[in-house]
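The following exercises concern a predicted model. Please work through each task before reading its solution.

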Amino acid sequence: MSHSESHSESHSENPKSAYDFWERLYVPALIKGMAITTRHFLRNLWSERDDNTEVLERKTQSLMATVEYPEQRVPYPTGYRGKHRLVPREDGKPRCVACYMCATACPSQCIYIEAGEYAPSDTNTASRVIEKYPTVFMVDVLRCIVCGLCVEACPKDALRMDTSVHTSPELERKAFLYAKERLLAGEPTQHPNDPWRHRKSSDEPLHAHKEAHTRIGEDP
Amino acid sequence: MNDSSPKTPSPPTPVPPPAPPKTPPPPKNPGMVTLSVDDKEVVVKPGTSLIVAAHQVGVKIPHYCYHPRLSLSANCRMCMVEASNAPKLVPACQATVAEGQVVKTDTPKVKAQQRAVLEFLLLNHPVDCPICDQAGECKLQDYYVRYDFKPSRLWGPKVQKNKRKVLGPTVLMDQERCILCTRCVRFMKEVAKEPQLGIFGRGSHERVDVFPGAKLDSNYSGNLVELCPVGALLNRDFRFKARAWFLSAAPSVCTACSRGCNVFADYMNQDCFRFRPRENAAVNQSWMCDVGRKSYRWAGENRALHTLSHGKPVSVDEALNRAASLLQKAQGSIGVLASPAASNEDLMAALAFARDVLKVNMVFVSGRPDGAADKLLMMADKNPNRKGLEYIALALGIELKPFETFTPSAFQAVWVLGGEMPESDIVMAARLKTVPTVVQAQHASEWAHECQVLLPVASHLETECSMTQHEGLLQRCRQAFPPKGDSAPHWQWVMRLANLLGARMDWSSAKDVFSTIAPRIPEFANFDWEGQAPSKQSRPGLPLPAASDGRPPAYRQFACPSAKGCSP
Amino acid sequence: MRRLTITVAFLTIFASLFGGMAAAYALGGYLESVWYTGASALSNLVILMLVFVMVIATLLTLAERKWSALMQNRVGPNRARIHLPGLSSRSLAGIPHIIADVVKMLTKESFTPKAANRFFYALAPILSFAPIFALFAIVPAGPTLPVFGHEVAMVVANPSFGLLYLFALASLAVFGTVLAGWASNNKFSLLGGIRACAQMISYEIALGLSLVGLMMAFASIQLAGDSGMMEQQAQYLWGIQLDGFDVGIPAWGILIQPVGFLLFFAAAFAETRRTPFDMTECESEIIGYFVEYSGMRFGMFMVAEFVEMIVFSAILTTLFLGGYHLPFGGQWFANLAFFKDYPWVYGATMGMVFWLKVLVLIYIQMNIRWTYVRFRYDQIQKLGWKILIPLGILNIFVTGALLLMDTSMRSLGLLGILEILLILILISSSPKSSLHKPIGQNEALPSHH
């Protein structure tokens with residue numbers, strides 16, 4: 001017999017067993033409840049208040065657990081998901097290549113992207129190499145549920161929520177549609193396998209001997 | 001792309017119905033070969049390849065270079081299977097069946113081979129799926145996930161090739177992504193018969209390219225994009241426009257010429273993004289021409305979306321009232337121009353209306369002017385439904401007259417069904433200026449814009465309809481998305497006009513129109529309108545259709561977030 | 001630092017109560033001497049009702065929030081600041097919130113719904129505030145003393161029908177509530193009004209019955225005055241003189257009528273319509289009969305609630321806790337030589353004692369409000385009709401029987417003390433663990449071997 005069965009059965013046999021005589025008298029419990037409230041009242045009234053933001057580490061007798069937010073702030077945990085940002089490359093353009101992975105993963109469908117192509121003659125090396133970029137990248141943060149799946153989905157480390165910043169209050173609905181310019185913020189990031197670090201454009205690199213065998217693993 | 005279609009046996013060896021099973025050996029079925037694939041018995045004609053035989057019993061063998069409509073090359077080594085009559089693995093696309101053969105496609109040996117082939121193909125593959133248009137319908141992706149799914153053991157740089165080589169007006173090539181299956185080379189040589197592509201170089205530096213100084217300018221180069229199992233050959237027109245998994249596919253028919261190639265219209269929301277050929281052995285096999293491929297734009301560009309009167313927007317009811325009174329006044333002297341680009345249902349409704357309500361017994365045939373033709377698919381007649389118009393007019397007793405004999409001044413009013421005209425806009429404007437005109441047109445051409453009443457018409461992607469191609473074959477188009485703006489199919493406008501003019505026409509769908517009028521037309525009488533329609537859900541060729549997870553097609557609202565006063 | 005602040009705050013409360021009462025006596029004496037005999041009633045009206053009651057009610061609007069915060073381990077309101085040098089960084093225990101609230105109430109639009117009955121809609125806040133406020137007129141806040149050669153009674157009016165005045169006015173308050181609920185033309189407020197109607201009318205009966213025993217014991221329904229109910233509580237049931245210092249068991253109402261006290265307390269609490277009797281309000285479900293009110297009209301309802309608390313506490317003090325009398329040593333204290341010369345100091349001290357008793361009762365009401373959960377509608381009716389009223393009737397019979405046997409109230413006092421002891425025993429002897437035992441965990445968990 002499982003636990004839940006025995007639980008319900010014992011109650012159906014003797015429904016009054018949950019409360020004994022003292023509990024059914026109520027008055028002692030009422031008085032005790034008031035005593036508890038008064039104890040809290042006096043303790044909080046009489047003892048000094050400790051406003052350490054780590055509530056569990058507060059030292060004094062006072063039981064007040066309040067953290068007064070704008071002045072005091074609890075440090076965010078390391079995994080905190082803040083405002084979205086588009087990670088810039090070293091040259092200030094977004095790392096994003098408009099692969100739509102974030103928009104695909106987004107359960108609230110709050111990301112909208114339109115893709116464009118960098119011209120083969122672009123003056124920027126990285127742009128010449130990666131070809132594709134978002135002409136429009138919008139996050140509707142009112143729709144966003146801050147699940148972070150877009151960050152997980154991003155194959156290019158181009159979208160992060162590491163800002164530890166909340167979505168700021170706005171007066172207009174349209175101000176919550178974050179466009180590319182607003183999203184592009186924070187420290188530029190580069191990775192060793194970024195394609196533009198290995199070639200100058202999307203053309204074939206000029207080898208002295210194209211046919212000379214470059215084995216896989218060797219730098220051509 | 002259509003190699004995995006279940007209805008597509010190799011054309012030289014069409015599959016007969018399975019012979020009745022008989023008892024003991026030697027040839028188990030005389031004249032046929034009996035073998036077992038993964039413990040399932042298969043009976044096929046001698047000379048059938050293993051891949052086709054396996055397909056018959058639902059065993060799918062992965063492959064890159066094999067295509068049922070191309071010659072064998074057996075170079076990708078992905079389809080290697082274990083056969084009882086060979087000491088080593090055999091390529092299933094090339095090996096033919098043998099009596100009593102036992103074929104295994106999922107032994108550890110086969111799996112190790114598949115994994116090894118994928119690792120080899122991925123050695124120099126750039127894995128730039130984020131910027132690759134093929135992502136989502138890429139065989140390399142699918143097979144990697146299904147047959148390999150191991151992290152790469154490679155470190156260090158890969159061979160670098162040209163990632164953005166413009167091969168011609170339609171196709172752009174990324175040589176790094178190429179897995180050298182040579183499907184494209186074989187297609188150009190065998191189907192298009194314009195051998196413009198070749199394999200150059202050796203070893204890791206081998207690549208597909210055009211011959212020096214030449215261009216890939218064949219009218220069939222667009223097929224290479226579908227043929228290419230990876231993202232090496234890309235359509236310049238579709239490039240970076242949308243991701244494959246956002247698109248839903250509606251089975252439809254190309255309306256660029258009277259061939260009536262079967263296509264999938266890939267659409268999202270209310271926009272079509274591309275046409276892909278749909279397998280039909282009787283019409284277009286697996287191919288279509290580049291002109292037709294680009295005709296998807298006609299359904300979206302320069303559309304008339306509002307009811308107009310003298311170029312000014314009026315309400316739908318107002319426009320219909322004006323049109324009705326105009327036709328009422330000119331009763332008995334109305335010139336009717338019918339376009340052979342309109343669908344059967346539209347033409348049925350229109351000609352019935354012309355005969356019974358407008359009391360007209362001859363109709364002038366407008367339509368697009370003739371153009372270039374080629375040996376393979378493209379026809380000179382650019383109107384998809386000329387045959388249908390002829391059938392319907394004949395059955396309804398209406399005389400068809402060529403456009404050249406049409407003189408607007410001979411009539412008190414002109415009713416134009418379909419805006420496609422053999423003459424240029426300027427000429428048409430001058431000719432129709434003299435007489436009150438009611439136009440039902442899909443596009444806001446200049447003359448249509450200036451006429452008395454313009455009723456916007458839905459494109460063939462926005463309605464259920466049927467077309468009759470040049471050989472008299474009746475083909476169905478499925479509705480992809482609802483009509484844009486005020487537009488509606490011709491038959492709806494005709495019905496509303498007729499009801500305003502006192503006749504009773506009561507149809508609720510294109511099917512109603514067809515089933516009301518088609519019995520009078522001998523060519524259409526036996527057509528099962530609903531039964532012949534290709535299923536809307538089917539999406540062969542794409543392993544990850546947008547609706548495969550049970551969502552309705554195009555459910556995803558991939559649209560720009562909007563708020564009052566905001567447009568990106 | 002905090003303890004110092006709190007000690008100073010307590011001393012300030014004592015001092016201001018003392019000062020206020022001293023001023024009341026002084027003004028009363030002055031008016032008597034310059035105007036006519038009995039003019040001190042006017043000064044009492046101003047100082048006791050307009051100053052004491054209203055100031056305490058105002059402070060209670062903050063205290064309600066601040067005390068509840070302390071009971072719930074919160075900080076409470078502290079964001080309103082006075083932007084003056086040196087003050088802008090201090091919360092001043094939330095006092096600026098009172099100012100902010102008053103300014104808000106006065107300047108906010110007093111909204112009237114389109115379909116409301118305008119006359120009754122405007123009348124309702126007045127009707128719910130005025131009768132309760134007027135109740136305080138019969139409560140004596142200090143002894144009658146000669147000041148500037150004139151007798152000053154610390155009560156606005158001392159009618160011979162004292163308690164009847166109380167019942168009459170207390171039952172008027174229901175009109176304000178019901179009218180507010182009906183005249184707003186809002187479903188939720190109407191619900192609140194109907195609930196208030198049912199609840200308050202039920203508890204009027206218990207309220208009346210609970211005091212009958214006391215009337216019989218004191219043989220009076222007058223509150224103040226020499227033969228009034230409060231003066232009679234100064235006598236001892238059993239008392240002795242220890243070297244001039246008098247000790248004993250006083251004839252306080254709570255000792256001779258503990259059941260009456262509980263019944264009156266419960267009924268009065270229900271009349272104030274505060275948690276656990278806040279069926280009429282139910283912030284979490286219907287918001288209450290005043291849902292459509294805003295601005296100062298809503299403020300009237302809010303202040304009425306606090307005034308009601310003060311007034312009922314004052315009446316409880318007067319009837320059951322000996323008014324301004326000390327529990328022992330009262331005669332010794334009154335006979336101190338210093339007070340013979342300065343009788344107004346004696347009066348002010350006694351007044352302070354009265355107000356302190358009132359404040360303690362207010363605290364207990366707050367404590368109850370922030371400890372218990374709301375009764376269900378049926379529970380309220382059950383408590384009123386099935387417990388309070390039968391107990392009240394029983395109390396009348398028992399009191400009557402005991403008074404017939406012994407007119408000196410001693411047997412009543414004996415019974416009362418026994419009853420109080422019984423409750424104390426019940427509290428102290430209830431097993432501690434039973435309160436913390438999780439329900440349904442009596443059985444041992446089955447083993448999973």
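In what follows, contact means heavy atoms within 4.5 Å, and angles run from 0 to 180 degrees between N-to-C directions.

**Exercise 1.** Determine how helix 2 of chain B is placed relative to strand 3 of chain B.

*Solution.* Step 1: locate the elements; helix 2 of chain B covers residues 108-123, and strand 3 of chain B covers 80-83. Step 2: the helix lies across strand 3 and strand 5 of chain B. Step 3: its direction is at about 160° to that of strand 3 of chain B.

**Exercise 2.** Describe the sheet of chain B and identify its edge strands.

*Solution.* Step 1: the sheet is open, with 5 strands in the order 2-1-5-3-4 and mixed pairing. Step 2: strand 2 (40-44) and strand 4 (90-91) of chain B each pair on one side only, and are therefore the edges. Step 3: within the sheet, strand 1 (residues 33-37) and strand 5 (residues 102-104) of chain B are parallel and share 2 bridges. Step 4: B:Ser36 has B:Val102 in strand 5 of chain B as its bridge partner.

**Exercise 3.** State which residues touch the most other members of the largest nonpolar core.

*Solution.* Step 1: this core holds 107 residues, and C:Leu211 and C:Trp355 touch the most other members. Step 2: helix 9 (residues 295-320) of chain C gives the largest share, 13 residues. Step 3: beyond four places in sequence, the residues touched by C:Leu211 include C:Leu163, C:Phe264 and C:Phe320.

Conventions:
Residues are numbered from 1 along each chain as its sequence is written. Chains are lettered from A and ligands numbered from 1 in the order in which they are written. This is a predicted model: local features need pLDDT of at least 70, side-chain atom pairs count only at pLDDT 80 or more; totals for chains, interfaces and linings use all residues. Side-chain values use heavy atoms; hydrogens and water are left out. Helices (H or I, at least four residues) and strands (E, at least two) are DSSP runs, numbered from the N terminus. A nonpolar core is a set of buried Ala, Val, Leu, Ile, Met, Phe, Trp, Tyr and Cys residues joined through side-chain atoms within 4.5 Å. Buried means under 20% relative accessible area, exposed over 50%, partly exposed in between (1.4 Å probe, protein chains only).
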